[in-house]
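Here are a few notes on this one, jotted down while going through it. Have a look at the structure first, then see if you read it the way I do.

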Amino acid sequence: MIIFFVLPLLLTVVWSVFERTMFWMEPAFTLFSYENFFFSSRLENFLSSMFHSSISVVCAFFIGFPIAIFIRRRVKQVAQHRVMLLFILPFMVSEIIRIFALRPILSRNGVVNSFLMDMNLIDSPFSIFVFTPTGVVIGEIVSFLPFMIFSTFLALEAIPNYIFEVCADLGVNRRRMFKDIFLPLAAPGLFAGSVFIFVNGIGIALIPTILGGPGSVNAGLIATQAIIALDFPLAMAVSAIMMFTLMGLLYLGHRLFNLTKLLEPIS
Amino acid sequence: MSLRDDFQPKWKLLLKWGWLSFAVFILMAPTFYTVYISFNELGFGAKYYNFTFQWYENVFSDKQLIGALGWTMLLAIITLPIVIPFGLLSAKLYKQSNQKVWIVFILLSPLFVPADILASALLVFFKNLNKFFTLIGEYTGIYSLDTWFDLGIMTAVIGLIVYTLPYVFVVIMITMARYRNEQTEAARDLGASAWRAFWEIEFPQIRAGVFSACAFVVILTFNEYTRTSLLKGGFDTFTSVLISQMLNTGMSEESYAMASIVSLVAVVIVSAILIVTAIKTEELEKKTRIVKEPNK
């Protein structure tokens with residue numbers, strides 16, 4: 001893993017300052033690729049993909065966190081893992097298939113619009129579900145929601161049952177329970193889930209390609225387009241920026257919440 | 001112990017179960033829809049639904065697709081015997097190590113790195129390795145390493161190992177968590193070698209996790225697109241054929257059938273694993289209860 005994962009990612013920093021040649025790159029020290037990234041529309045695209053990913057994170061929190069709390073609190077302990085496994089099934093179907101299938105479901109003449117029109121809820125079909133930023137956000141939620149549920153459940157699983165019993169005995173209300181028990185104790189899981197969704201939202205090219213339409217570009221798409229255009233230093237600059245974003249977030253999360261706690265229930 | 005609150009209104013509980021089921025349904029909806037369309041003779045958008053197996057017959061008579069299936073299977077077969085022992089060793093190392101943070105960081109961070117970013121970095125890494133070995137060849141006269149990292153099966157397998165190892169590690173860790181290390185210590189005290197203690201005492205107890213990890217690796221290999229397509233070189237894999245069909249001609253009825261085959265196989269395998277695991281856990285709990293409370 002050090003040779004084929006850590007080293008290639010670290011070396012992206014070195015390759016990103018190389019000079020571009022016709023078909024490859026040659027050793028040099030130039031910041032042209034970074035200039036090319038930061039002083040062009042690419043930065044705007046990158047920031048806008050960050051914004052859309054942040055929306056996906058917030059949506060995944062509001063959809064996924066209550067589910068994780070429900071499974072931890074209300075489902076019998078022996079059945080908790082079995083219910084969690086329901087969320088493994090969609091994860092095991094290829095992301096490409098899931099994303100592609102969203103197109104006919106969300107398109108103007110797709111299932112969602114047909115259903116809404118049949119129910120007389122709308123007069124004309126919505127066209128904001130695909131080839132728009134909304135489509136990207138929907139795609140990200142459908143793709144990454146299980147990870148938010150897994151990681152938060154894993155964090156909640158580490159909370160001993162007696163804490164809930166003590167709270168019940170003391171008559172703690174739901175709001176306080178959420179604020180003082182669930183939120184702080186699930187923080188490592190919430191953070192890990194959020195980082196996963198955020199980073200993959202700005203790094204996976206497939207979702208904006210299929211659901212985002214012509215204006216939707218994220219870091220992953222910039223990197224793959226740069227490789228197709230044989231601009232390897234630019235692709236490496238984007239990879240290095242992504243790597244630093246990810247490492248920075250993981251370091252911050254570890255300092256704040258000690259992310260290794262997440263593995264305690266299974267180690 | 002059940003954590004259910006007896007004073008909570010039943011409709012609230014039902015509402016929460018409804019929300020959970022709705023979330024699972026939404027996540028599975030694209031898969032259900034793909035399967036549904038794959039059996040329609042008239043395809044997507046048609047007013048009527050005529051059930052047919054025609055698109056599946058077309059898929060299985062497609063030589064390019066059968067070839068791609070073969071290549072993908074080959075990748076899975078090569079990846080499995082490498083990644084599973086790595087996963088086992090990593091899980092054992094994690095349990096014994098005092099430097100858990102670094103092990104977790106190295107093993108789980110590939111999960112967080114987007115596919116396109118890692119694939120781009122690996123692609124450039126392999127190209128540079130080739131250039132490096134060519135340079136060494138020029139100086140030393142040893143040219144046998146020149147083509148080692150040409151894009152092909154080996155580079156695709158390396159990409160798959162980096163991708164699947166975190167999953168294998170987590171699945172094996174979950175099963176290992178139930179294993180009590182005192183059993184290995186007892187076996188070693190009785191004179192068993194480290195390998196024999198592992199093979200005859202520990203492995204039978206974590207076997208389910210290892211087999212589940214194998215199934216996951218095969219499924220993930222069939223599902224993976226970005227890393228494999230950038231690192232595979234000349235041959236086609238199942239997903240690369242699927243994607244090229246989808247992007248070039250849109251979702252044809254054959255594309256729906258192909259996608260359904262991959263999805264259904266994955267869902268059936270994972271469901272089978274989950275059901276078998278659930279039954280075995282139940283049996284184990286029953287046995288434990290009988291031993292603890294023989295009169296009940």
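1. A word on terms before the helix pair: axes are lines fitted to C-alpha atoms, for helices over the stretch in contact, and angles run from 0 to 180 degrees between N-to-C directions. Keep in mind too that this is a predicted model.

2. In chain A, look at helix 8 (residues 133-157) and helix 11 (residues 187-203): their axes come within 7 Å and cross at roughly 160 degrees. Angles over 145 count as roughly antiparallel, and the two helices are therefore roughly antiparallel to each other. The crossing of helix 8 of chain A past helix 11 of chain A is right-handed.

3. Who meets whom there? On the helix 8 side of chain A the contact includes Phe144(A), Phe147(A), Met148(A) and Leu154(A), while helix 11 of chain A brings, among others, Gly189(A), Gly193(A), Phe196(A) and Ile197(A). By class, the residues of this contact split into eleven nonpolar, six polar and one charged.

4. Now the chain-chain contact: chain B puts in 62 residues and chain A 64. Helix 1 of chain B gives the largest share of chain B's side, 14 residues. That side of chain B has 48 nonpolar, nine polar and five charged residues.

5. Chain B is assigned two stretches, domain 1 (10-52) and domain 2 (64-292). Their centres, taken over C-alpha atoms, are 30 Å apart. Seven residues of domain 1 of chain B touch eight of domain 2 of chain B, and the domain 1 side has three nonpolar, four polar and no charged residues.

Key: Residues are numbered from 1 along each chain as its sequence is written. Chains are lettered from A and ligands numbered from 1 in the order in which they are written. This is a predicted model: local features need pLDDT of at least 70, side-chain atom pairs count only at pLDDT 80 or more; totals for chains, interfaces and linings use all residues. Helices (H or I, at least four residues) and strands (E, at least two) are DSSP runs, numbered from the N terminus. Angles under 35 degrees count as roughly parallel, over 145 as roughly antiparallel, 65 to 115 as roughly perpendicular and the rest as oblique. A crossing is left-handed if the near helix is turned anticlockwise from the far one by less than a right angle, and right-handed if clockwise. Two residues are in contact if their C-beta atoms, placed from the backbone, lie within 7 Å. Ala, Val, Leu, Ile, Met, Phe, Trp, Tyr, Cys and Pro count as nonpolar, Asp, Glu, Lys and Arg as charged, and the others, Gly among them, as polar. Domain bounds come from an automatic or database domain assignment.
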